[in-house]
Amino acid sequence: MNGIEEMGPVDYLVIEFPGNRMTGEAFPLLVDLVERGLVRIIDLAFLRKDTDGSVVALELRDLGDEVDLTVFEGASAGVLDQSDLDEAGNALEPGNSAAVLVYENVWAAPLARALRRSGAQLVASGRIPVQALLASLDATEETTPPGGSAVA
């Protein structure tokens, strides 16, 4: 792993697959992001939340033959442990599975390095769900006069 001072921001995603059904449609897009040097996979784990609420880590071979995930073999640095998977499982509905992805935003590394050199620190971050953004934009459109600007 690169030195921490050289890295871009690191994010994680927990992606739920209802009914334990993965189509694999998005995985080639993830591979493309890696190949273009935009993200670097730090860890990728799969889990299932059983109907009794227990969370079980899954191996790639446990996911079946419907989706070819061999490209992700060895894509784990071991950052995620069982407690992380248990926490991710709290977000899942029983009977569903998930992928937990920890990735570096390689595209942002030069900016992050420059900010660190200047003494800047990241003091907060977050993510705005697309649905919340759309609702906010819709509300703005409703309050904007026809032909006018919402900016005063």
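Trainee: Which residue in β4 is the bridge partner of Arg48?

Mentor: Arg48 has Ser97 as its bridge partner in β4. This is a predicted model, in which local features need pLDDT of at least 70 and side-chain atom pairs count only at pLDDT 80 or more, while totals for chains, interfaces and linings use all residues. Residues are numbered from 1 along each chain as its sequence is written, and side-chain values use heavy atoms, with hydrogens and water left out.

Trainee: What makes β2 and β4 a pair?

Mentor: Two strands (DSSP runs of E, at least two residues) pair if DSSP finds at least two bridges between them. Strands β2 and β4 (residues 97-104) have eight bridges, in the antiparallel sense. Four bridges join β2 to β3 (residues 55-58), also antiparallel, with Leu47 opposite Ala57.

Trainee: Why does Glu104 count as buried?

Mentor: Buried means under 20% relative accessible area, with exposed over 50% and partly exposed in between (1.4 Å probe, protein chains only). Glu104 has 2% relative accessibility and therefore counts as buried. The residue lies in strand β4.

Trainee: Why is the pair of Phe27 and Phe46 called edge-to-face?

Mentor: Rings of Phe, Tyr and Trp (its six-membered ring) pair if their centres lie within 6.5 Å; planes under 30 degrees apart count as stacked, over 60 as edge-to-face and the rest as tilted. The centres of Phe27 and Phe46 are 6.3 Å apart and the planes stand at 75°, so the pair is edge-to-face. Phe27 is buried at a relative accessible area of 11%, and Phe46 is buried at 3%.
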